[in-house]
Amino acid sequence: MNRALRRLAFERHARGQPTIVLEVVDTRGSTPREPGARMLVWREGTAGTIGGGNLEWQAIAVARAMLADEGPRPDDQTFSLGASLGQCCGGAVTLRYRLLDAASLAAWPDDDRLLPTIQLYGAGHVGRALVHVLGTLDVRVQWIDERESEFPREPSVATVERVCVEPVEAEVAAAPPGSLFLVATHEHDLDLRIVEAILRRDDFAFLGLIGSATKRRRFAQLLQRRGMDDASIARITCPIGIDGIRGKEPAHIAIGVAAQIVPLVESITASASELSATRDA
């Protein structure tokens, strides 16, 4: 489920711009994308992907022929990902071609209950880099800072909500259970207050704090003095980001953090989907 692509589909439909929706409806063996993956094709461009390579190139050609009314109008088409396509996945993909209309939009799933929430604290250089990456994921982001002037002038994507509030740490209570928290403000004292508020609610999925191992040790000492137990303090991830990225530029930090939390985001979404399917059965 790619919410940005779905929003673009609604926009193109509202503007009456002829578009074909390509959807992966079945896979066998090794394939580059999973069932439900979609892309949009119009005469001058595309958005999204159903797997790339020659598979995608041929599918785009079929879709554009449909738009030009110059070729067959297949409902479903199966491709073997072998030598005939110049690909070596070895599996097979069945694609569905649909004109972008009210029916195809209605069939495009959209369930906000399945979106994990990330609270991102801090609108400085790192916060801006992080929100740029997080805005491309299927997550709901609450971007929080007490300084209105630090938010960029250009609007954020629809999945990012800007929150300018004081005291900042009070927003921790507004996050739903199972949320992810990223703390990267301009003040260590503020970071500490936010981290303490998160640890005290004890129902979060992830707590990442920007900083060094030295900062983590210092925070651990201060939190112990405030009555926090070692098990709670151990849930702080600091430094944040995957190992092996040595660059400290904001973009490097953002990429490392995204790589660290994406598996967790996918796991949360999958669990929510399974629970939703069970309830609806």
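What volume does the second largest pocket have? About 390 Å³, in a model that is predicted.

## About the model

Local features here need pLDDT of at least 70, side-chain atom pairs count only at pLDDT 80 or more, and totals for chains, interfaces and linings use all residues. Residues are numbered from 1 along each chain as its sequence is written, and side-chain values use heavy atoms, without hydrogens and water.

## The second largest pocket

A pocket is an open set of points on a 1 Å grid over the protein atoms alone, with protein on both sides within 12 Å along at least five of seven lines. Seven of the lining residues are nonpolar, six polar and three charged.

## One cavity

Searching the whole structure turns up one cavity of 30 Å³ or more (a cavity is a set of grid points where a 1.4 Å probe fits but cannot get out, and lining residues have an atom within 4 Å of a point). The largest cavity holds about 30 Å³ of space. Its lining includes Y121, I144, D145 and H186, and by class it has four nonpolar, three polar and two charged residues.

## Helices α5 and α6

Helix α5 (residues 188–201) and helix α6 (residues 213–225) have axes that come within 11 Å and cross at roughly 60°. That makes α5 oblique to α6 (angles under 35 degrees count as roughly parallel, over 145 as roughly antiparallel, 65 to 115 as roughly perpendicular and the rest as oblique).

In the contact (heavy atoms within 4.5 Å), α5 contributes H188, D191, L192, V195, E196 and L199, while α6 brings K215, F219, L222 and L223.

Note on methods:
Axes are lines fitted to C-alpha atoms, for helices over the stretch in contact, and angles run from 0 to 180 degrees between N-to-C directions. Helices (H or I, at least four residues) and strands (E, at least two) are DSSP runs, numbered from the N terminus. Grid points are joined across faces, edges and corners, and a volume is the space filled by probe spheres set on the points. Ala, Val, Leu, Ile, Met, Phe, Trp, Tyr, Cys and Pro count as nonpolar, Asp, Glu, Lys and Arg as charged, and the others, Gly among them, as polar.
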